[in-house]
Amino acid sequence: MRSRTTSLRDQGAIPGLRAERQRWLERFLTVRAETEARAAPLSAEDQIVQSMPDASPTKWHRAHVTWFFETFLLVPHAPDYRIFDERFPFLFNSYYVAAGPRHARPQRGLITRPNAAQVSAYRKHVDRAVVRLIESADRATCDVIFPIIEIGLNHEQQHQELLLTDILHAFAQNPIAPAYDPDWIMPAATAGDARFVEVPAGVHLVGHDGAGFHFDNERPQHRTLTQPMRIGQALVTNAQWFDFIADGGYTTPSLWLSDGWAMREAQDWAAPGYWRQRDGVWSSMTLGGLRAVDPNAPVMHVSYYEADAFARWAGKHLPTEFEWEVAARHDLIDDAFGIVWQWTRSAYLPYPGYRAPEGAIGEYNGKFMINQMVLRGSSLATPEGHARLSYRNFFYPAARWQFTGLRLVEYV
Ligand SMILES: [Fe+2]
């Protein structure tokens with residue numbers, strides 16, 4: 001009887017584990033393939049360039065996400081794993097102090113070797129080892145490695161978005177304005193008037209409830225108080241930005257924060273990032289090359305400083321990240337996801353009681369919780385299934401190379 005019970009339990013456990021392995025294999029290979037699909041239109045030369053310290057070369061992104069799996073998954077958990085090249089961790093560690101020394105970020109574009117083909121070989125080496133590990137690890141090891149694979153895949157998806165924003169910035173520096181994809185189409189915003197809709201005032205739960213994948217910065221879930229207010233159902237459009245420009249938005253210091261005005265002067269901002277004016281007509285650098293600015297499309301490539309100045313000019317405000325989340329949870333806003341990340345007026349801070357996890361992974365989010373602003377939603381470059389209602393993106397207030405836009409709120 002005992003042996004029969006054991007046997008039945010084993011029969012139950014093995015198919016369960018087999019299905020889990022299969023699921024993780026598929027997810028791993030799908031996400032890894034998406035990175036390569038995004039890099040595929042780019043030549044080896046394209047993949048080297050670093051157009052500013054904040055942006056990284058395509059080749060670096062492809063290698064860095066691979067290093068993440070090698071360092072945090074394979075080295076500690078795959079007993080027979082052989083490091084592909086002992087020199088690579090120094091080149092492809094981003095900011096993990098606990099994982100060892102690293103090459104200076106602003107100099108990533110100087111690395112012509114390893115070349116793109118060698119990075120492809122590095123990816124294949126790590127892919128093979130991860131597949132082997134998923135297929136062979138015992139139950140106890142699987143319980144440890146699946147969560148690491150999950151964070152590794154979510155990490156890789158973040159770099160998939162950066163791969164596009166960074167190459168767009170590089171191409172925008174090129175006088176011939178190359179197209180990443182000549183057939184690229186800007187996703188259409190939901191048609192509708194610029195209505196402001198009431199957000200329920202009172203106490204609301206915000207943050208992730210802990211079920212399913214989330215980053216540490218989305219927890220703990222906690223209560224927040226929203227004031228009586230209305231939120232813009234639609235994203236702010238290019239047409240509205242034309243009015244802001246025409247009304248002296250970029251030449252009126254009283255509309256701007258002091259740091260923002262200093263940045264506007266230093267960078268000579270007179271329009272959103274990538275906008276160019278010729279014979280009175282505005283065009284913008286996009287993933288499809290130089291295109292006319294569509295008045296009906298949401299504005300993008302604006303910094304926090306510009307979004308803040310626009311809100312002041314409009315006589316309204318940017319939402320806090322919690323107001324945004326409450327509105328999105330009540331399904332009050334259009335285009336919360338998939339077009340532009342939306343600036344909020346919330347500083348990127350830890351939630352009440354937040355502690356960064358132990359070890360190198362603890363460096364993922366927590367140490368950046370100063371001097372940056374939170375963006376909510378997701379953009380046209382965000383991989384399918386990556387974002388969620390509690391997702392917190394964050395950038396410095398002067399950043400314009402991401403797909404960043406805004407919506408407004410008013411208080412009643
Ligand atoms: Fe990274």
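**View 1. Contacts of L73 in the predicted model.** In this predicted model, L73 is in contact with F68, A78, V130, L133, I145, I148 and I149, leaving aside its neighbours within four places in sequence. L73 is also among the residues with the most contacts inside the largest nonpolar core, together with L74, I149, W241 and L406. That core has 94 residues, and its largest share, 14 residues, comes from α5. A second, separate core has 15 residues, including V206, W324, V326 and Y351. In soluble globular proteins, nonpolar side chains tend to be buried together.

View 2. The iron ion is coordinated at 2.2 Å by the NE2 atoms of H64, H155 and H159. Along the chain, these donors follow the spacing H-x90-H-x3-H. H64 lies in helix α2 (residues 58-77) and H155 in helix α5 (residues 139-172), so the pair ties together parts that are 91 residues apart in sequence. H64 is buried, with a relative accessible area of 1%. H155 is buried as well, with a relative accessible area of 2%.

**View 3. Packing of helices α2 and α5.** Two packed helices are described by the angle between their axes and the distance between the axes. For α2 and α5, the axes come within 9 Å and cross at roughly 170 degrees. This crossing angle makes α2 roughly antiparallel to α5, because angles over 145 degrees count as such. Sorted by class, the contact of α2 with α5 has 15 nonpolar, eight polar and two charged residues.

View 4. Helix α9 spans residues 321-329 and is mostly covered, with eight of its nine residues buried. The buried residues are E321, F322, E323, W324, E325, V326, A327 and A328. Of these, W324 and V326 are included in the second core of 15 residues. Just after α9, D331 takes a positive phi of about 55 degrees.

**View 5. P295 in the loop between β7 and α8.** P295 is found in the loop that runs between β7 (289-292) and α8 (304-313). Its relative accessibility is 36%, so P295 counts as partly exposed. Leaving aside neighbours within four places in sequence, P295 is in contact with T237, N238, A239 and F242. The C-alpha atoms of P295 and I149 are separated by 42 Å, and the two residues are 146 apart along the chain.

**View 6. Two cis peptide bonds.** The peptide bond from R113 to P114 is cis, with omega near 5 degrees. P114 is found in the loop between α3 (88-92) and α4 (116-136). The peptide bond from R219 to P220 is also cis, with omega near -10 degrees. P220 has its place in the loop between β2 (202-206) and β3 (222-226).

View 7. Y274 is not a glycine, although its phi is positive, at about 75 degrees. This residue is found in the loop between α7 (258-267) and β5 (275-278). At 14% relative accessibility, Y274 counts as buried. N371, likewise a residue other than glycine, has a positive phi near 65 degrees. The loop that holds N371 lies between β8 (341-347) and β9 (373-376). At 57% relative accessibility, N371 counts as exposed.

Definitions and conventions. Residues are numbered from 1 along each chain as its sequence is written. This is a predicted model: local features need pLDDT of at least 70, side-chain atom pairs count only at pLDDT 80 or more; totals for chains, interfaces and linings use all residues. Side-chain values use heavy atoms; hydrogens and water are left out. Buried means under 20% relative accessible area, exposed over 50%, partly exposed in between (1.4 Å probe, protein chains only). Helices (H or I, at least four residues) and strands (E, at least two) are DSSP runs, numbered from the N terminus. Donors are N, O and S atoms within 2.8 Å of the metal (3.2 Å for Na, K and Ca); water is not among the atoms, so sites may look incomplete. Axes are lines fitted to C-alpha atoms, for helices over the stretch in contact, and angles run from 0 to 180 degrees between N-to-C directions. Angles under 35 degrees count as roughly parallel, over 145 as roughly antiparallel, 65 to 115 as roughly perpendicular and the rest as oblique. Ala, Val, Leu, Ile, Met, Phe, Trp, Tyr, Cys and Pro count as nonpolar, Asp, Glu, Lys and Arg as charged, and the others, Gly among them, as polar. A nonpolar core is a set of buried Ala, Val, Leu, Ile, Met, Phe, Trp, Tyr and Cys residues joined through side-chain atoms within 4.5 Å. Contact means heavy atoms within 4.5 Å.
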